[in-house]
Amino acid sequence: MAAAAVQTPSAFAPDRFIADYKKTAELLGAPYSEKVVAGTVNDFPGCFDETVIWRATSRPNDKLNYRFYLSKRTDTVALAAEAGYVDADAPMSRLATAWSGLNGGDSVQWVDLDPADGVAKTWCFLKAPRPIGDILGVDEIPESTRAHLPTFIKLGLSYAHFVAVDHQGGTFNIYWTVPGPITEAQAAAYTALAGAEPPTAEEFTDLRQYLPEQRFVFAATINYDTGNIKRVAFYALNIPAGPLPPTTNERLRTFFEQAPTYDTVQTRNIAWSYGNGNSKYMKGEASYTGELSNWVKNVRGPVGEKMAKLLEDARANMVF
């Protein structure tokens, strides 16, 4: 049964969320602590009032995470530290704060919540694409990661719209906006960054069909201490209504079918992730409350003049 679009105000209600969380996690066989889930809702006052989504993966018994989006600047790192989830002086916390200060602080933070550890990731939405040199130029980025800059430029990974830090994993993420449509050579070069094989024929068919034509989001997960690129991922945001990609497994299909949404329509994001040792899985994100569609409604539409110039600049440097 497809997730029903409930025609009521898409407002967040804590008790309803906890009940919905428990039901969905149990359907997926995902471990959780109800105490931790309830604690995160209380420890970030007002942060769940805008937009909240679910996040699941294709891996058996993986956690069901959830994220809140904010449109106004809030120091969520300070909130997480005050609640005891993170150390404000730890490298991941300092990196998130440094990135949030780019472009005069014209950015907002979002948070991925974890049902065991409380806080998983702090995201920084930079509002406008930033040159990768600026992203890697903050003092908190080690030289081992800065060494990737020429490679990134050569692959058209020139401008990033989002960055994130994983407080528990000791890694950080860079999310680029890259020129499309994706090609087989491009996909192979990108998975090679993580020492992974190219997408299979079936996977590439899905990438070609579901990634937006003009530009798409590509991400890398980088170990803070070593600079090793652990994983890469291709993101298909706001996929059209209709069938899921054929490579979607039963667990993710159940997630999209059963995860409750109170938005006008269920907004769906999907990612294909490739890692060291050729490990791979898929990720899924589904809207819950606050109309996620407002955040991603333009990702498949025409690009503006400024974005078009940035994409052409990135494309001009691409060598595969």
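Trp-123 is buried, with a relative accessible area of 6% (buried means under 20% relative accessible area, exposed over 50% and partly exposed in between, for a 1.4 Å probe and protein chains only). The model is a predicted one, in which local features need pLDDT of at least 70 and side-chain atom pairs count only at pLDDT 80 or more, while totals for chains, interfaces and linings use all residues. Residues are numbered from 1 along each chain as its sequence is written, and side-chain values use heavy atoms, with hydrogens and water left out.

Trp-123 lies in strand 4; helices (H or I, at least four residues) and strands (E, at least two) are DSSP runs numbered from the N terminus. Leaving aside neighbours within four places in sequence, Trp-123 has contacts (heavy atoms within 4.5 Å) with residues including Arg-67, Trp-110, Phe-162 and Tyr-175. His-167 is 44 residues from Trp-123 in sequence, and their C-alpha atoms are 11 Å apart.

Strand 4 (118-131) also takes part in covering the buried residues of helix 13, as do strand 5 (159-166), strand 6 (171-179) and strand 7 (215-223). The buried residues of this helix are Met-307, Leu-310, Leu-311 and Ala-314. They lie on the same side of helix 13, because they cover an arc of only 100° around the axis, the arc being that of the directions from the helix axis to the C-beta atoms. Glu-305, Lys-309 and Ala-316 are exposed on the other side of helix 13.

Just after helix 1, Gly-29 has a positive phi of about 70°.

The axes of helix 1 (residues 14-28) and helix 2 (residues 34-43) come within 11 Å and cross at roughly 145°; axes are lines fitted to C-alpha atoms, for helices over the stretch in contact, and angles run from 0 to 180 degrees between N-to-C directions. The contact involves Pro-14, Phe-17, Ile-18, Tyr-21 and Lys-22 of helix 1, and Glu-34, Val-37, Ala-38 and Val-41 of helix 2.
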